[in-house]
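This report covers selected backbone, packing and contact features of one structure. The structure is shown first, and the notes follow.

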Amino acid sequence: MSRIGVVTFPGTLDDHDALRAVKLAGADPVPLWHASDSLNGVDAIILPGGFSYGDYLRCGAIARFAPIMGEVITAAGAGMPVLGICNGFQVLCESHLLEGAMIRNEGRKFICRHQRLRVESNDTTWTCDFAEGQEIIIVLKNGEGNFRADPDTLHKLEENNQVVFRYVGNPNGSLNDIAGITNERGNVVGLMPHPEHSVEMLTGESRDGLVFFTSVQHFLVATA
Amino acid sequence: MTLVVVDVMPKPEILDPQGKAVTSSLHRLGYQGLEVRQGRRFEITVNGDLTDERMAEIREAAEKLLCNTVIETFDVRVEKQ
């Protein structure tokens, strides 16, 4: 059974939802602590949402230098699947594992809703069970989800098929409607919406989020 | 005591929603013709002499932590020596 680690920073909110989603998807959830420098032998890592370190300085900027992040960066460089959700996406950008940055939403409002997304790439460790072009519904909840990158970076992301998700109906002003991206290798994925909240009909309006957590298990089995 | 100030500002081409909110509030209060961009100011107290190496170190720290150069620019200056 795949062991999937979920990192808790001070101020993380959605670690328990992420651990639960991992379990619902049939994998073994492993809690990881920010101040530890051990990944406990996990096969994949999730950086969950929330407000790590109170979002002081910039979202994700302080978490990026937490002791465990050194291990996460090394593991990501060696090809381990890493998923950053919302604040976790911001941490991945601050860590330079992903390109670009998020600023405050264009309308200056905190947005909380079920959001339609288009899967632009299934060539990643976390999206391989989706069909390219598939539309899914995933919970979105953030105040700073407005994706920015300089024109060269944006061009490169588009050319290399590194845009993984696009908003259908841009909620926050993100450039090119980008909701999530991946690195060149396709093992690190970050997105603002929350797949771990869309795993049961009772609370999520869809169960499309489960596919993230089954995708990574199929990837791990296929490459074992 | 030496005080070094690091100013961090959103890049000119980056939308500044906070600055826009402050600007429209100023307009509502009757202050016309003023446009605000909002950044951050860090005051850093330096123990010991402010050598060139020390300044270089502060610049490095600013680039590494205080500023995200994807969306912001920064300026380092000596405020009080």
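## Positive phi residues in chain A

Tyr53(A) counts as buried because it has 21 C-beta neighbours inside 10 Å; a residue is buried with 20 or more other C-beta atoms within 10 Å of its own, exposed with 12 or fewer, and partly exposed in between, the C-beta atoms being placed from the backbone. Although Tyr53(A) is not a glycine, its phi is positive, about 50°. Tyr53(A) sits in the loop between β3 (44–47) and α2 (67–77) of chain A. Helices (H or I, at least four residues) and strands (E, at least two) are DSSP runs, numbered from the N terminus.

Asn161(A), a residue other than glycine, also has a positive phi, near 60°. Asn161(A) is in the loop between α4 (151–159) and β9 (163–167) of chain A. With 15 other C-beta atoms within 10 Å, Asn161(A) is partly exposed.

## Model and numbering

This is a predicted model, in which local features need pLDDT of at least 70 and side-chain atom pairs count only at pLDDT 80 or more, while totals for chains, interfaces and linings use all residues. Residues are numbered from 1 along each chain as its sequence is written, and chains are lettered from A and ligands numbered from 1 in the order in which they are written.

## Overall form of chain A

Chain A contains 6 helices and 11 strands. Its C-alpha trace spans about 40 × 35 × 35 Å along the principal axes.

Of the 224 residues of chain A, 58% count as buried. Of the contacts in chain A between residues at least 6 apart in sequence, 74% join residues at least 24 apart; two residues are in contact if their C-beta atoms, placed from the backbone, lie within 7 Å.

## Helix α2 of chain B

Helix α2(B), residues 52–66, has 15 residues. From first to last C-alpha it reaches 20 Å, close to the 21 Å expected at 1.5 Å a residue, where the expected span is 1.5 Å times one less than the number of residues.

The buried residues of α2(B) are Ile58(B), Ala62(B) and Leu66(B). They lie on the same side of α2(B) because they cover an arc of only 45° around the axis, taken from the directions from the helix axis to the C-beta atoms. These buried residues pack against β1 (2–10), β2 (40–46) and β3 (72–80) of chain B. Exposed residues on the other side of α2(B) include Asp52(B), Glu57(B) and Lys64(B).
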